[in-house]
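Dear colleague,

Please find below the structure that I am handing over to you.

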Amino acid sequence: MVTVRVSASEASRRGTRAERLSADQTLIDLYRAEYTGMVRLAFTLIGNNAEAEEVVQDSFLEISSRFDDLGQPGAYLRTIVVSRCRSVLRRRRLMQLTPPARPTDLPPEAESLWDVLEQLPEHQRIAVVLRYYCGYRASEIAQITDQPAATVRSHLRRAMKAMRKELTP
């Protein structure tokens, strides 16, 4: 038989088996009480039942890891579900913004611009297309790509520097 020594603080942090079972039961009760309503909320926001169920299941998984520390787990669960739905919607908007096809009648200088644009790293290319082709501001691009606005501005600066370097004789 192997004996493992655990400090008093570690033992109190782990809690007793009964406390862990009680927390598990409370999580199960929360799941039973809130699952259907959360799926309905997610479906209302994103309009796809399969994605809504996935969002809610992922949200419950996230809440389970910190359930003991939450004062109002139901409110936190709603916050997570709404946040994850917003992320799904952002990804959808980003996926809809496919790069435009290269026009066939481009002058030679415009063809070289397309070549340089295609060579940029994806995050820089996305920022440039959203900014200069679609006309979004850096703050809007930040929301669409789920990045800080400062990061978007940095991507734009680096992309423009690279493009100038490639296009300048």
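In helix α4, the residues Pro73, Gly74, Leu77, Ile80, Val81, Cys85, Val88 and Arg90 are buried. Buried means under 20% relative accessible area, exposed means over 50%, and partly exposed lies in between (1.4 Å probe, protein chains only). Helices (H or I, at least four residues) are DSSP runs, numbered from the N terminus. Helix α4 has 24 residues and reaches 35 Å from its first C-alpha to its last, close to the 34 Å expected at 1.5 Å a residue. The expected span is 1.5 Å times one less than the number of residues.

Please note that this is a predicted model, in which local features need pLDDT of at least 70 and side-chain atom pairs count only at pLDDT 80 or more, while totals for chains, interfaces and linings use all residues. Residues are numbered from 1 along each chain as its sequence is written, and side-chain values use heavy atoms, with hydrogens and water left out.

The pLDDT is the predictor's confidence in each residue, from 0 to 100. The protein averages a pLDDT of 79, and 81% of the residues score at least 70. Confidence is highest in helix α8 (residues 149-167), at a mean of 92, and lowest in helix α1 (residues 8-14), at 47. Over residues 1-14 the pLDDT is below 50, and this stretch has 3 contacts in the model beyond near neighbours in sequence. A contact means heavy atoms within 4.5 Å. Residues 16-21 also have a pLDDT below 50, with 2 contacts beyond near neighbours in sequence.

How many salt bridges does a search of the whole structure find? The search finds 5. A salt bridge is a side-chain nitrogen of Lys or Arg within 4 Å of a carboxyl oxygen of Asp or Glu. Side chains of opposite charge can pair when their charged atoms come close. Three of these pairs are described here.

Arg78 forms a salt bridge with Glu34, and their closest N and O atoms are 3.9 Å apart. Arg78 lies in helix α4 (residues 73-96) and Glu34 in helix α2 (residues 17-46), so this pair ties together parts that are 44 residues apart in sequence. Arg78 is partly exposed at 38% relative accessibility, and Glu34 is partly exposed at 21%.

Arg92 and Glu51 meet in a salt bridge at 2.4 Å, N to O. This pair links distant parts of the chain, with Arg92 in helix α4 and Glu51 in helix α3 (residues 49-65), 41 residues apart.

Arg84 forms a salt bridge with Glu62, with the closest N and O atoms 2.6 Å apart. Because Arg84 lies in helix α4 and Glu62 in helix α3, the pair ties together parts that are 22 residues apart in sequence.

Is Ile63, at 0% relative accessibility, buried or exposed? Ile63, which is in helix α3, counts as buried. Not counting residues up to four places away in sequence, Ile63 touches Leu27, Leu30, Leu70, Pro73, Tyr76, Leu77 and Ile80. Ile63 and Tyr76 are 13 residues apart in sequence and 7.9 Å apart in space, C-alpha to C-alpha.

Finally, helix α6 (residues 122-133) and helix α8 pack at an angle of about 95 degrees, with their axes 9 Å apart. Axes are lines fitted to C-alpha atoms, for helices over the stretch in contact, and angles run from 0 to 180 degrees between N-to-C directions. The two helices α6 and α8 are therefore roughly perpendicular to each other, a term that covers angles of 65 to 115 degrees. Residues of α6 that meet α8 include His123, Ala127 and Tyr132.

Yours sincerely

Key:
Angles under 35 degrees count as roughly parallel, over 145 as roughly antiparallel, 65 to 115 as roughly perpendicular and the rest as oblique.
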